Amino acid sequence: MFLSCLSQRRYLFVVKGSVAGAAVFVVYEQGLLGSGAQGAEALRRARAALPPAIHEWTSYVGWELPPTPKLDFSPSASWNKGVQTVMSALSVAPTRACEYTAEGWKYVKDLVK
């Protein structure tokens, strides 16, 4: 019984590892791990390929989906804003840590008095 359970775990580990490896390979091949220009190109290709594929799949299954909304959203601008926010927070972190430490010591001294 124990060996059977052990072999099942190995099998699941191999399957999960294979799926993860394939996902990393596809992401790398599509250029998502490269520069921002490569990522933007991959997004453009996905935007062009997904609607026809979804339409074909839903017609095969027999479902009818509502039309997709048109979004004016720039992932690269959002990504850049997020990176700028994080870097800004990291750049002031030492100063803030000193300020908070000074405030904490003052608070403790006031409590001890």
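A salt bridge here is a side-chain nitrogen of Lys or Arg within 4 Å of a carboxyl oxygen of Asp or Glu. By this rule the count comes to 2 salt bridges. The model is predicted, with local features needing pLDDT of at least 70 and side-chain atom pairs pLDDT 80 or more, while totals for chains, interfaces and linings use all residues. Residues are numbered from 1 along each chain as its sequence is written, and side-chain values use heavy atoms, leaving out hydrogens and water.

**View 1. The chain has 3 helices and 0 strands.** Along the sequence the pattern is α-α-α. Helices (H or I, at least four residues) and strands (E, at least two) are DSSP runs, numbered from the N terminus. Of the 113 residues, 4% count as buried; buried means under 20% relative accessible area, exposed over 50%, and partly exposed in between (1.4 Å probe, protein chains only).

**View 2. Glu41 forms a salt bridge with Arg44.** Their closest N and O atoms are 2.4 Å apart. Both residues lie in helix H2 (residues 36-61), 3 residues apart, about one turn of the helix. Glu41 counts as partly exposed because its relative accessibility is 32%; for Arg44, also partly exposed, the value is 48%.

**View 3. Arg96 forms a salt bridge with Glu99.** Here the closest N and O atoms are 3.3 Å apart. Helix H3 holds both Arg96 and Glu99, 3 residues apart, about one turn of the helix. Arg96 is partly exposed, at a relative accessible area of 40%, and Glu99 is partly exposed at 35%.
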